[in-house]
Amino acid sequence: MDCEKFESTLIDELYDELDDPTSAEAKRHASSCTRCGGLLAGLRATRKVALLPVVVAPFELEERILTAAREAQKVVPLKPRMQRAMARAGNWAMRPQTAMAAVFLLAIGSSFVFMRRSEHAPASVTVKAEGAPVALATANATATTALDTTSAFGAHGTEEKSDQAKRLDFLAQGTADTPAKTPTTADGLLADDLGNSALAKDKNGYDNRDETARTLNATAPAGAPPPPNAAMEAQMSGGGGSGNVAAQPMDFNAAMTAYRARRFEEAAKGFDALALADTKDTTSALWAARSLREARGCGVAVPRFTQVHNAAAGTTIGYEATLDEAGCQRDLGNYAWARSTVTPLLGVPAYSERAQEVLDGMAPQAKKAQAAPRAMSPSPTATTKATTDQSF
Amino acid sequence: MSDAQATDEALMIRYQRGDRSAFATLVRRHQTPLYNFALRQLRTPEVAQDVVQEAFMRVVQNAQEFKHEARFTTWVYTITRNLCIDQMRKRALRKHPSLDEGRQSSEGEGPTLGEQTADTKANVEREATGSELRERITEAVETLPHDQREVFLMREVSNLPFKEIAEITGVPENTVKSRMRYALERLQAALSEFEEYSRALK
């Protein structure tokens with residue numbers, strides 16, 4: 001070791017921080033080198049002498065520190081507090097019991113939500129077709145302005161009535177008075193076409209239409225708009241009684257809906273109105289006849305079927321009317337007429353099977369009928385005569 | 001293992017877990033070295049006490065950030081040293097130093113103004129009673145440059161290894177050793193006239 005290296009290790013040698021070989025080498029150099037040896041000895045003597053007296057810390061300092069520490073610990077800063085809380089929550093959340101409890105609560109909670117939803121769900125969805133207040137208002141306005149309301153009120157007294165009741169009363173009055181005055185109305189046509197007996201029945205039926213309307217209105221809740229069919233029916237009645245009232249024919253679908261709902265009277269009026277509006281509309285006429293058959297029986301329907309049969313001869317509608325007419329005649333006991341009516345259909349491929357069914361259905365009954373007098377039904381000849389005179 | 005035998009780091013870990021007695025043990029173990037370190041730097045007992053107390057409060061407030069790999073002494077001496085530097089800067093900004101404050105000179109920090117203005121006859125008597133060497137040692141240490149003095153104090157008073165002193169002061173270890181050598185050489189020059197030095201030299 002030379003002097004330069006010795007000086008670099010001087011402090012370490014002085015404080016015994018050199019490893020043993022280096023320290024031994026340094027000691028050898030110090031013993032052989034007067035300068036380096038004196039340097040080391042001088043610093044070592046200085047360390048030995050320059051011992052600073054240690055001042056003992058005041059007794060109260062420890063108490064001051066501990067008191068201040070206790071006070072400081074009372075108010076833990078937010079960040080360490082949050083970290084501590086997070087650590088505790090994390091340790092607690094990592095327990096398997098906590099996870100199981102969470103899963104259990106989740107399952108219970110979700111099932112509870114589903115149960116509540118099913119309780120509040122409606123049992124069934126009902127779609128209600130409400131009336132057509134705009135059309136009704138238009139009809140009311142038209143009727144109110146076109147007709148002499150003073151006379152209508154006079155006929156029914158001065159009792160104050162609702163607009164709907166006033167309208168129905170007015171329409172009923174018009175229906176009763178109009179046929180003789182305006183033979184072009186529905187009732188007039190029916191009377192002309194069907195003869196006196198049919199007219200009587202038909203007229204009785206149509207005279208009761210205001211009653212039907214009243215019944216329909218009575219079943220409606222208070223304040224509710226009148227049903228569209230009742231409104232239409234009233235309009236049709238009014239149209240039949242007064243040429244000034246703008247008659248709005250019932251929609252075919254509405255009439256068919258009424259038919260399917262077994263409101264045959266209402267359907268008959270609807271189909272009749274359509275047939276009157278368009279004399280070529282034999283389909284409506286057919287369905288009007290079917291509605292009358294269901295509502296009042298074959299006795300009323302047969303002339304209608306005959307009418308359609310004649311008007312639409314050779315067409316599907318005509319064949320259908322023929323089948324229905326024959327069926328009615330069969331039901332009325334007019335087997336010969338029924339047979340003569342349906343026999344031509346045996347030559348129509350699409351209807352031969354059904355025509356044969358009608359004929360087959362009459363076989364056992366015809367035998368009984370031959371034995372019994374034919375007092376139960378009008379003679380086919382008379383009916384045929386009445387029918388052939390009819391025309392749309 | 002008792003508190004007295006436990007290492008500083010073990011005591012600190014226990015304190016992190018809420019053991020306040022471990023903190024009390026740390027205070028008892030380190031308050032005197034820290035107080036001497038602060039007192040030799042600041043020369044004012046009250047300010048030195050405040051600095052030590054504040055250093056331990058920082059330990060309390062930041063206890064959760066202490067890592068067991070670190071040395072507690074390095075941490076607490078770093079805090080105390082920084083607090084001392086703050087105090088010395090505040091003192092340097094004052095225009096009218098108090099009687100307790102050390103005198104600033106071009107060569108370093110001298111004795112307090114209180115010591116300078118004390119009865120000179122009393123100083124003569126103390127020297128007469130053989131305490132002159134102690135006074136001289138104290139004076140010589142106080143007159144050391146700050147960087148040399150703090151290294152000398154940490155090594156001789158607190159017995160910290162040079163490596164740890166380097167970490168506290170933030171300088172290389174060789175620099176610390178150089179400062180230590182310069183400090184010893186200054187003290188050697190101040191004490192060489194004393195008989196005790198001559199005896200130690202033999």
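**A guided tour of chains A and B**

Begin by selecting chain A, which contains 21 helices and zero strands. The model on display is a predicted one, with an ipTM of 0.75 and a pTM of 0.44. Chain A has 392 residues, of which 33% count as buried. Consider next the contacts within chain A that have a separation of 6 or more: 57% of them join residues 24 or more positions apart.

Now select chain B and colour it by confidence. The average pLDDT of chain B is 80, and 79% of its residues score at least 70. Where in chain B is confidence lowest, and where is it highest? The lowest mean, 42, belongs to helix 5 of chain B (residues 113–117), whereas helix 9 of chain B (residues 162–169) reaches the highest, at 94.

Where pLDDT is low, the predicted coordinates should not be read in detail.

Finally, display both chains together and turn to the interface. Here 35 residues of chain B are in contact with 31 residues of chain A. Which helix of chain B gives the most to the side that touches chain A? Helix 2 of chain B does, with nine residues. The helices of chain B that each supply at least two residues to this side are helix 2 (20–42), helix 3 (45–61), helix 7 (132–142), helix 8 (146–157), helix 10 (173–191) and helix 11 (195–201). Colouring by residue class shows 20 nonpolar, nine polar and six charged residues on the side of chain B that touches chain A.

Key. Residues are numbered from 1 along each chain as its sequence is written. Chains are lettered from A and ligands numbered from 1 in the order in which they are written. This is a predicted model: local features need pLDDT of at least 70, side-chain atom pairs count only at pLDDT 80 or more; totals for chains, interfaces and linings use all residues. pLDDT is the predictor's confidence in each residue, from 0 to 100. Helices (H or I, at least four residues) and strands (E, at least two) are DSSP runs, numbered from the N terminus. Two residues are in contact if their C-beta atoms, placed from the backbone, lie within 7 Å. Ala, Val, Leu, Ile, Met, Phe, Trp, Tyr, Cys and Pro count as nonpolar, Asp, Glu, Lys and Arg as charged, and the others, Gly among them, as polar. A residue is buried if 20 or more other C-beta atoms lie within 10 Å of its own, exposed if 12 or fewer, and partly exposed in between; C-beta atoms are placed from the backbone.
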